Amino acid sequence: MTAHLIVTDLDGTLLGADHALADVTVDTLRALAGQGHHIVLASGRHYRDILAFRDHLGIEAHIISTNGAYTHSPDGRLIEARYLPAGLARELIRLPRPEAVRLNLYHDDEWLIDAPAPELLALHTHTGFGYRVAELDGLDGEGVGKVLYIGEPAALGELEQQARRRAERELHITYSMDNSLEIMAGGVNKGTALTALLAQLEIPAERCLAFGDNRNDIEMLDLAGEAHVMGNAHPALMEAVPGALRIGSHDQAAVAQRLIERFAL
């Protein structure tokens, strides 16, 4: 058997509309891992948040978290961490923003937020991971993997432009959803993290299958030899990766169905 690397986004891709793993998804990934294929969970979520899904799967899997800022091995060892320069993080923290926009920071071990936002916790019901409310404006900017603004798209568009005017070349700016503006250090994305992991595992990109649904998946899908875009994907994603195969919806366990077909399970 020739080992492949299978990398998948979580929300809107591997997880259903209830942000949970379907039984067929669990069974399929367990079967593939048992055959010697490499499984990678790649998400904008925090590493500690993703751990609950890996534990549910009960398999060895690498984790690419915070949109590529962190890569962890199956035994929990940190392979790589790439932080925003502290000065740039401070600038992003202090950008003027509407009152309704929530500022979030992802550090190594926690998720910080500038004010309570209980509606955001629904996304994390199955993991129990949550934020800590903190006064962010006074932070020194050290150890920040991601700055995340959550709010109305129009307000985020203005924040995006402010960030680009200040330091576009030193930042990687993307969206995981229309209401989630995500900013990492320049060159940090799921694709660059995946490139490094493929090299470490000595697997060519041609033997990589990738699955995604939103704009923060573009670089990862563009790299993979077999790219898959979900039927529920953001319209811009298919345009950005025109060679990708469009499959069914995340709520139909389409990743599992495609893998069952591809590997004749």
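Predicted model: local features only at pLDDT ≥ 70, side-chain atom pairs only at ≥ 80, totals over all residues.
Student: Is F129 buried or exposed?

Tutor: A residue counts as buried when its relative accessible area is under 20%. The relative accessible area of F129 is 7%, and F129 is therefore buried.

Student: Which residues does F129 touch, leaving out those up to four places away in sequence?

Tutor: One of these residues is H46, which stands 83 residues from F129 along the chain, although the C-alpha atoms of the two are separated by 8.8 Å. With residues up to four places away in sequence not counted, F129 touches H46, R48, D49, E110, W111, L121 and H124.

Student: How do the axes of helix α2 and helix α9 cross, and at roughly what angle?

Tutor: Helix α2 covers residues 23-34 and helix α9 covers residues 254-262, and their axes come within 9 Å of each other. The crossing of α2 past α9 is left-handed. The two helices are therefore described as oblique to each other, and the angle at which their axes cross is roughly 40°.

Student: Which residues make the contact between α2 and α9, and how many of them are nonpolar, polar or charged?

Tutor: On the side of α2 the contact is made by V24, T25, T28, L29 and L32, while on the side of α9 it is made by A256, Q257, L259 and I260. Sorted by kind, the residues of this contact are 6 nonpolar, 3 polar and no charged.

Student: Which residues touch the most other members of the largest nonpolar core?

Tutor: The largest nonpolar core holds 30 residues. At least two of its residues are supplied by each of α4 (86-93), β6 (102-106), β9 (146-150), α5 (153-167), β10 (171-177) and β11 (180-185), and the largest share, 5 residues, comes from α5. The members that touch the most others are L92, Y149 and L171.

Student: What is the phi of H19, and where does H19 lie?

Tutor: Most residues other than glycine have a negative phi. H19 is not a glycine, yet its phi is positive. H19 is found in the loop between α1 (10-14) and α2, where it is partly exposed, with a relative accessible area of 22%, and its phi is near 60°.

Student: Is E202 buried or exposed?

Tutor: E202, which lies in the loop between α6 (190-201) and β12 (208-212), also has a positive phi, about 60°, although it is not a glycine. A residue counts as exposed when its relative accessible area is over 50%. The relative accessibility of E202 is 70%, and so E202 counts as exposed.

Student: How far apart in space are P98 and L156, C-alpha to C-alpha?

Tutor: P98 has its place in the loop between α4 and β6, and at 40% relative accessibility it counts as partly exposed. Along the sequence P98 and L156 are 58 residues apart, while in space their C-alpha atoms are apart by 9.4 Å.

Student: How far apart in space are Q252 and L120, C-alpha to C-alpha?

Tutor: Q252 lies in the loop between β14 (245-246) and α9, and with a relative accessible area of 53% it is exposed. Q252 and L120 are 132 residues apart in sequence, and the distance in space from C-alpha to C-alpha is 24 Å.

Key
Residues numbered from 1 in each chain as written. Heavy atoms only, no water. Axes fitted to C-alpha atoms, helices over the stretch in contact; angles between N-to-C directions. Helix = DSSP H or I, 4+ residues; strand = E, 2+ residues; numbered from the N terminus. Parallel < 35°, antiparallel > 145°, perpendicular 65-115°, else oblique. Left-handed = near helix turned anticlockwise from the far one by under 90°. Contact = heavy atoms within 4.5 Å. Nonpolar A, V, L, I, M, F, W, Y, C, P; charged D, E, K, R; others polar. Core = buried A, V, L, I, M, F, W, Y, C linked by side-chain atoms within 4.5 Å. Buried < 20%, exposed > 50% of the residue type's maximum accessible area, 1.4 Å probe, protein only.
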